[in-house]
Amino acid sequence: MRLAVLIALMLAAAAPAAAHTGHGLAGGFTGGFLHPLFGLDHVVAMVAVGLWGAFLGAPAIFILPIVFPLVMAFGGVLGILGIPLPGVEFGIAVSAVVLGLMVALAARPHLAVAALLVGLFAIFHGHAHGAELPDGADALAYSLGFVIATGLLHLAGIGFGWLAQWPQGRMAVRAAGSAIALAGLVFLGRLI
Amino acid sequence: MRRTALAAAALLAASGPAPAHTVIDGVGGFPGGLLHPLLVPAHALLLMTLGLLAGRESTQCRMLVLLFALALVAAVALIAAAVAGNTQAAILWLCAVGGALLALGWPLPAVLAAALVATGAVALMLDSVPAVLSVQETLSALGGTAISAFALFTLFAAFSARATRPWQQIGRRIVGSWAAASAILVLALRFVT
C-alpha cells in the first residue's frame with residue numbers, strides 16, 4: 001500500500017524528460033509515448049495483435065511482441081527516408097478489420113502466415129509513424145516512447161487474451177475482436 | 001519506511017527536467033559526470049543493451065564486465081592523449097546491433113561480445129567529453145562518467161545473469177527488440193538531416 005502511494009506520488013511529481021534539447025512534449029519520451037495512444041486506428045490494431053496471440057498460442061504469443069517492433073521500425077525507416085508506400089492509411093484501416101476478424105473467428109493459421117500478415121501491417125503502421133517522427137537531438141527519447149507504447153498495447157492485448165482460456169473469457173475476447181473489426185470498417189468508410 | 005517514502009516523494013516533486021549534454025546548473029565536474037550516462041538517453045540505452053547482453057552470456061559475463069572497465073580506462077587515456085571523435089552514430093549502431101542480438105536470443109561468439117562491449121565503452125566515453133577548457137575538470141567529469149557507466153553496466157549484467165526463467169528471457173528479448181527498433185528509427189533520421 002505504501003509502495004503504491006509512493007509510486008503514485010512519484011508519477012504525480014515527475015517532470016517531463018527533456019534530455020539533450022528542450023523540444024517539449026513533441027520532442028521527448030512523453031510525446032513519443034502518447035503519439036500511438038492518440039491514434040485509435042493504431043491502438044485497436046496493436047491490441048488485436050496481442051489478442052490474436054492468445055489464440056495462436058506459443059510460440060507466436062512470444063514471437064509477435066519481439067518481431068513486431070523490428071518490422072515496424074523497418075516501415076518507419078521507409079517513412080523517414082520518404083520512400084512512398086501506397087495506401088498507408090488504407091492499410092492501417094484494413095489491418096484493424098483483418099486482425100479483428102482473425103480474433104473474432106479465433107483463427108489459427110500457420111505461424112508463418114500469421115507472421116507474414118502481422119509483419120505486412122507492421123510496415124504500414126511503422127511507415128505512418130516514421131513519417132511523423134520529429135527531427136531533433138532527443139529523437140531517441142521520442143522513438144523509445146513510441147516503441148514502448150506500441151509494445152505495451154500488444155501486452156495489453158495479450159493480457160486480455162489470457163481470458164480466452166475460460167469459455168466466457170473466450171467469448172469476451174472474440175467479441176473484442178468483432179468490435180475491432182467493426183471499428184476498422186468505420187476507419188475504412190472514412191477513407192472511401 | 002514512511003519517512004523514507006515521504007522524503008523520496010518530496011525529492012522527486014522538487015526535481016526538474018534533465019538537460020543532458022548541456023551545462024546543468026550547479027552540477028559540473030565529477031557529479032555532472034556521474035549523472036551524464038543517466039541523463040543522455042542514447043548512453044543509458046547503450047549501457048542497458050550491452051549490460052543485458054553481457055549478463056546473458058553466462059560463461060563470459062565476468063570477463064565482459066572486466067573488459068568493459070578496462071575499456072573505460074583505456075578511453076580516458078585516449079582522451080587524455082587528445083584523441084577525439086564524434087561517436088553518436090556509433091552509439092546508435094551499437095544499440096541497434098546489440099538490441100537485435102538480444103531480440104534474436106542466439107548465443108554470441110566470445111570475440112563478438114567482447115568487441116561490442118569494448119567498442120561501446122570507448123564510444124560512450126568519447127561522446128561524454130564535457131565542453132570545458134580545464135583539463136582537471138574534464139578528467140574529473142570523465143572519472144564520474146566512467147564510474148557511473150560501470151555501475152549501470154554491471155547492474156544490468158547482474159540483473160540479466162539472474163534472468164533464467166522463460167518469461168524473464170522473453171522479457172529480455174522484448175526489451176532488446178524495443179532498443180533496436182528505437183535506435184534504427186533515429187539512425188534513419190540521420191540520413192535525412
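A residue is buried if 20 or more other C-beta atoms lie within 10 Å of its own, exposed if 12 or fewer, and partly exposed in between, with C-beta atoms placed from the backbone. Ala106(A) is partly exposed, because 15 other C-beta atoms lie within 10 Å. Keep this scale in mind for what follows.

This is a predicted model, in which local features need pLDDT of at least 70, side-chain atom pairs count only at pLDDT 80 or more, and totals for chains, interfaces and linings use all residues. Residues are numbered from 1 along each chain as its sequence is written, while chains are lettered from A and ligands numbered from 1 in the order in which they are written.

## Two chains

Chain A has eight helices and zero strands. Helices (H or I, at least four residues) and strands (E, at least two) are DSSP runs, numbered from the N terminus. Along the sequence, chain A reads α-α-α-α-α-α-α-α. Chain B also comes to eight helices and zero strands, and its pattern reads α-α-α-α-α-α-α-α.

The table sets out the chain totals. Two residues are in contact if their C-beta atoms, placed from the backbone, lie within 7 Å. pLDDT is the predictor's confidence in each residue, from 0 to 100.

## Confidence

The model scores ipTM 0.77 and pTM 0.80. Confidence in chain A is lowest in helix 1 (residues 2–13), at a mean of 48, and highest in helix 5 (residues 88–104), at 93. Over residues 7–26 of chain A, pLDDT stays under 50. The model has 49 contacts beyond four places in sequence for that stretch.

## Helix 2 of chain A

Which residues of helix 2 (residues 29–37) of chain A are buried? They are Phe29(A), Gly32(A), His35(A) and Pro36(A). Seen down the axis of helix 2 of chain A, these residues fall within an arc of 130°, so they line one face of the helix. The arc is that of the directions from the helix axis to the C-beta atoms. An α-helix has 3.6 residues a turn, so residues three or four places apart point the same way.

The buried residues of helix 2 of chain A pack against helix 3 (40–56), helix 6 (111–130) and helix 7 (139–161) of chain A.

Two packed helices are described by the angle between their axes and the distance between the axes. Axes are lines fitted to C-alpha atoms, for helices over the stretch in contact, and angles run from 0 to 180 degrees between N-to-C directions.

Helix 2 and helix 7 of chain A pack at about 35°, with their axes 6 Å apart. The contact includes Phe29(A), Gly32(A) and His35(A) of helix 2 and Leu144(A), Ile148(A) and Leu153(A) of helix 7 of chain A. Their crossing is right-handed. A crossing is left-handed if the near helix is turned anticlockwise from the far one by less than a right angle, and right-handed if clockwise.

The axes of helix 3 and helix 8 (residues 167–191) of chain A come within 10 Å and cross at roughly 150°. That makes helix 3 of chain A roughly antiparallel to helix 8 of chain A. Angles under 35 degrees count as roughly parallel, over 145 as roughly antiparallel, 65 to 115 as roughly perpendicular and the rest as oblique. The crossing of helix 3 and helix 8 of chain A is left-handed. Among the residues making the contact are Val44(A) and Leu51(A) of helix 3 and Ile180(A) and Phe187(A) of helix 8 of chain A.

## Backbone details

Most residues other than glycine have a negative phi, and most peptide bonds are trans. Ala106(A) is not a glycine, yet has a positive phi of about 55°. Ala106(A) lies in the loop between helix 5 and helix 6 of chain A.

Ala58(A) and Pro59(A) are joined by a cis peptide bond, with omega about 5°. Where is Pro59(A) found? Pro59(A) sits in the loop between helix 3 and helix 4 (60–80) of chain A.
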